[in-house]
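The sequence and structure come first.

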Amino acid sequence: MTGRELITDVQNTWCPGCGNFTIQHTLKKILAEMETAGRSLDDVVLVSGIGCHAKIADYLNINTFYSLHGRTIPVATGIKLANPDLTVICCCGDGDCYAEGLDHLIFAAKRNVDITVIVHNNRVYGLTTGQYTPTSPLGFRGKSTPSGTAEFPLNPLELMLASGATYIARGYTKKMDQLRALLQGGIAHRGFSFIDVLQICATFFPAADYYTPRVYDPADHDPTSFDHACVLAREWDYNSDARIPLGVLYTATFPCFGERMATKGVTAGEREEAVRQILASRI
Ligand SMILES: Cc1ncc(C[n+]2csc(CCOP(=O)(O)OP(=O)(O)O)c2C)c(N)n1
Ligand SMILES: [Mg+2]
C-alpha cells in the first residue's frame with residue numbers, strides 16, 4: 001500500500017473503454033511498488049505531450065510535465081541530463097512522437113538517452129477526434145481521410161531497431177500483466193527504453209477484435225539477438241493480417257548519452273542558483 005494517493009481527483013475525461021486507463025493503472029502499480037521498495041517518488045518525473053494520452057500528467061499524482069505536442073522527448077531528455085538521478089518516464093502519443101516529434105524519437109534512441117518512452121499507440125489522433133497518424137493502416141477512414149488513407153503505416157519497432165534504442169518492446173492494453181512487466185523492464189533498463197503499446201481507442205479506433213486473436217508471445221526468443229528481433233519486428237507491419245508478436249524484442253547494454261557527455265557535476269544548490277539567474281535575466 002502506497003503512502004500516497006497516486007490517482008489525482010482531477011475529473012477524468014477519457015472515454016469508457018479507453019486503453020489509457022490500463023496504462024495509467026499499470027503505472028500506478030509500478031510506482032506504488034517502487035515506493036514500497038524504498039524509492040522516493042520525488043525522484044520520478046513523468047513527461048507527456050498533448051493529446052488524450054497526455055492527460056495522464058493530470059491524472060497521476062507524481063511530478064509531471066505537460067509539454068507540447070511533438071516535444072515530449074526533448075523535454076524529457078533535458079530533465080534527465082540536468083538531473084541524472086531522476087527516473088524519467090515519457091508518455092507519448094503516436095501522433096506526438098511518430099509524426100510531429102519523429103526526429104526527437106530517432107535522435108533520443110541514437111543517443112541512448114536514459115529515459116523510458118511509452119507510446120500510447122492508438123493509431124489515431126484521439127484528442128482532435130480521429131485523423132490518421134503514421135501508424136494508421138492503409139485505407140483508414142478518419143476525419144481527414146473520409147475516403148481512406150493512401151499511405152502504408154510506419155513500423156516503429158523496425159525504426160527503433162535501426163535507430164539504436166537499447167530496450168524495445170511491444171505491449172497491448174488488453175494484456176495488463178505483461179504490460180506491467182514490459183514497463184517495469186523499461187524503467188529498470190539503463191539506456192533508451194521504448195515500449196510501443198497497442199492502445200485501444202474506444203471511440204476512433206476500437207481495434208480489440210482485430211488485435212486480440214492475433215497477438216502472441218514468441219517462444220524461445222533471445223532479446224539480445226538483433227537479427228531475430230528484426231525478424232519479429234517485421235512479422236507484422238501494422239497493416240497485414242499476420243500474427244502480432246508482443247514482449248521484449250530487443251535489449252542491449254551500451255553507454256548512455258549522459259555518461260558519454262563530458263558534463264561537470266553540479267550540486268543541487270548550484271543548479272538552483274543557475275536557474276535563478278536564468279529566470280532573472282529574462283526580464
Ligand atoms: C505543436 C502542435 N501541433 C499540433 C497540435 C494539435 N494537436 C493536439 S493533440 C493532436 C493529436 C494527438 O494525437 P496523438 O499524439 O496520437 O495523441 P492521442 O490524442 O491519440 O492520445 C494534435 C495534432 C498542437 N496542439 N500543438
Ligand atoms: Mg494517438
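**Strand β5**

In this predicted model, strand β5 (residues 167-172) is mostly covered, with 6 of its 6 residues buried (buried: 20 or more other C-beta atoms within 10 Å of the residue's own, C-beta atoms being placed from the backbone). Strands (E, at least two residues) and helices (H or I, at least four) are DSSP runs, numbered from the N terminus.

In a regular strand, side chains alternate between the two faces of the sheet. Y167, A169 and G171 point one way from β5, while I168, R170 and Y172 point the other way; all are buried.

**Partners of β5**

β5 runs parallel to strand β6 (residues 193-198), joined by 6 bridges; pairing requires at least two DSSP bridges between the strands. Here G171 is opposite V197 of β6. From β5 the chain passes through helix α7 (residues 176-188) to β6 in a right-handed β-α-β crossover (with the strands pointing away from the viewer, the path from the first strand over the helix to the second runs clockwise).

With strand β9 (residues 247-251), β5 pairs in the antiparallel sense over 4 bridges, and A169 stands opposite V248.

**The sheet**

The open sheet has 7 strands in the order β2-β1-β3-β4-β6-β5-β9, with mixed pairing. Its edge strands are β2 (63-66) and β9, each pairing on one side only.

**Numbering and basis**

Residues count from 1 along each chain as its sequence is written, and chains are lettered from A and ligands numbered from 1 in the order written. For this predicted model, local features need pLDDT of at least 70 and side-chain atom pairs count only at pLDDT 80 or more, whereas totals for chains, interfaces and linings use all residues.

Key. A residue is buried if 20 or more other C-beta atoms lie within 10 Å of its own, exposed if 12 or fewer, and partly exposed in between; C-beta atoms are placed from the backbone.
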